[in-house]
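User: I would like to learn how to read surface features in a protein model. Please take me through one.

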Amino acid sequence: INTLARIENDEFALLLTRLNKNVDINELLSSIIKATTMNFMFDGINVNISSTAAIAVYPQHGNADTALLNHARVAVYHARKEGNPFAIYNTYMKED
């Protein structure tokens, strides 16, 4: 069962329990960004909703749920820092 949960403030986690090994992760993240980005006018005000996404994959990026979540958070931080809409966790990423 896939699950979407609010972690805190503007932070959400999407748990994909049966992710196909052949899935293109870049395409998956790009689709998530596309689905969560929108611009519209409200009462004469331009509203821009955007998101940054990241992924940590079991077991490559961690065996425990806390490790995976932490690694995904680190990857989001790096995506934002580098001006990218998404990132895939990599061990070169350091917690700052």
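User: In which strand is the place of Ile-49?

Analyst: This is a predicted model, in which local features need pLDDT of at least 70, side-chain atom pairs count only at pLDDT 80 or more, and totals for chains, interfaces and linings use all residues. Residues are numbered from 1 along each chain as its sequence is written, and side-chain values use heavy atoms, with hydrogens and water left out. Strands are DSSP runs of E, at least two residues, and helices are runs of H or I, at least four, both numbered from the N terminus. Ile-49 sits in strand 4, residues 45–49.

User: Is Ile-49 buried or exposed, or in between?

Analyst: Buried means under 20% relative accessible area, exposed over 50%, and partly exposed in between (1.4 Å probe, protein chains only). Ile-49 has a relative accessible area of 35%, so Ile-49 is partly exposed. Across the chain, buried residues are 20% of the 96 residues.

User: Which residues make the nonpolar surface patch?

Analyst: Such a patch joins nonpolar side chains (Val, Leu, Ile, Met, Phe, Trp, Tyr) within 5 Å, from residues with over 30% relative accessible area and no salt bridge. A salt bridge is a side-chain nitrogen of Lys or Arg within 4 Å of a carboxyl oxygen of Asp or Glu. Areas come from the Shrake-Rupley method with a 1.4 Å probe. Here Met-38, Phe-40, Phe-42 and Ile-49 make a patch of about 380 Å². Strand 3, residues 38–42, gives the most, with three residues.

User: How many helices and strands are in the chain?

Analyst: The chain has two helices and six strands, in the order β-β-α-β-β-β-α-β from the N terminus.

Note on methods. Patches are made of residues with over 30% relative accessible area and no salt bridge: like charges are joined within 9 Å, nonpolar side chains (Val, Leu, Ile, Met, Phe, Trp, Tyr) within 5 Å.
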